[in-house]
Amino acid sequence: MSELEFVPLAKITDVPENRVSCFEVNGHHVVLSQVKGEFFAVHNKCSHADQSFNSGRVRGHKLLCPLHGAIFDIRDGSVLGAPAFHPIKSYPLKIENEDILICTDAPSSD
Ligand code: FES
């Protein structure tokens, strides 16, 4: 089995706590958030009506869609609140020194 490839996504200092930070890497649009010193990344498109989370909010582990208010768990992309019913892809991350690395090739549960 081949090892997953991780590529640089952002610096730790680029991702303030409890904020939505948006990045693009290898054609993947990603929402990155820091919650209590841990980092999480999910696909930057709501599964309800394709809205980006660029103006969304994070409250604890909850990611809120700015358009109709669906709620996702930023840890794994699962749905916590309607009107969305389908999860969004989450991405494995690694921290190396001050860098956050992402794996965009990992299989998704969505
Ligand atoms: S587009 Fe996100 S809740 Fe409708």
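Colleague: Which residue in S11 is the bridge partner of Val7?

Modeller: Please keep in mind that this is a predicted model. The bridge partner of Val7 is Ile102, which lies in S11. That pair belongs to the pairing of S1 with strand S11 (residues 99-102), which is antiparallel and extends over four bridges.

Colleague: In what order do the three strands of the open sheet stand?

Modeller: The order is S1-S11-S10, and the pairing is antiparallel. Strand S1 (7-11) and strand S10 (93-96) are at the edges with a single partner strand each, and therefore one side of each has no neighbour in the sheet. On average, neighbouring strands of this sheet are turned by 35° against each other, direction ignored.

Colleague: How many bridges join S2 to S3?

Modeller: Strand S2 (residues 21-25) and strand S3 (residues 28-35) run antiparallel and are joined by five bridges, with Ser21 standing opposite Leu32 of S3. In this hairpin two residues lie between the strands, and Asn26 takes a positive phi near 50°.

Colleague: Which residue of S4 stands opposite Leu32?

Modeller: Leu32 faces Ala41 in S4, and six bridges join S3 to strand S4 (residues 38-43), again in an antiparallel arrangement. S3 and S4 also form a hairpin with two residues between them, where Lys36 in the turn has a positive phi of about 50°. Ala41 in turn stands opposite Tyr91 in S9, and S4 pairs with strand S9 (residues 90-91) in the antiparallel sense over two bridges.

Definitions and conventions:
Residues are numbered from 1 along each chain as its sequence is written. This is a predicted model: local features need pLDDT of at least 70, side-chain atom pairs count only at pLDDT 80 or more; totals for chains, interfaces and linings use all residues. Two strands pair if DSSP finds at least two bridges between them. Axes are lines fitted to C-alpha atoms, for helices over the stretch in contact, and angles run from 0 to 180 degrees between N-to-C directions.
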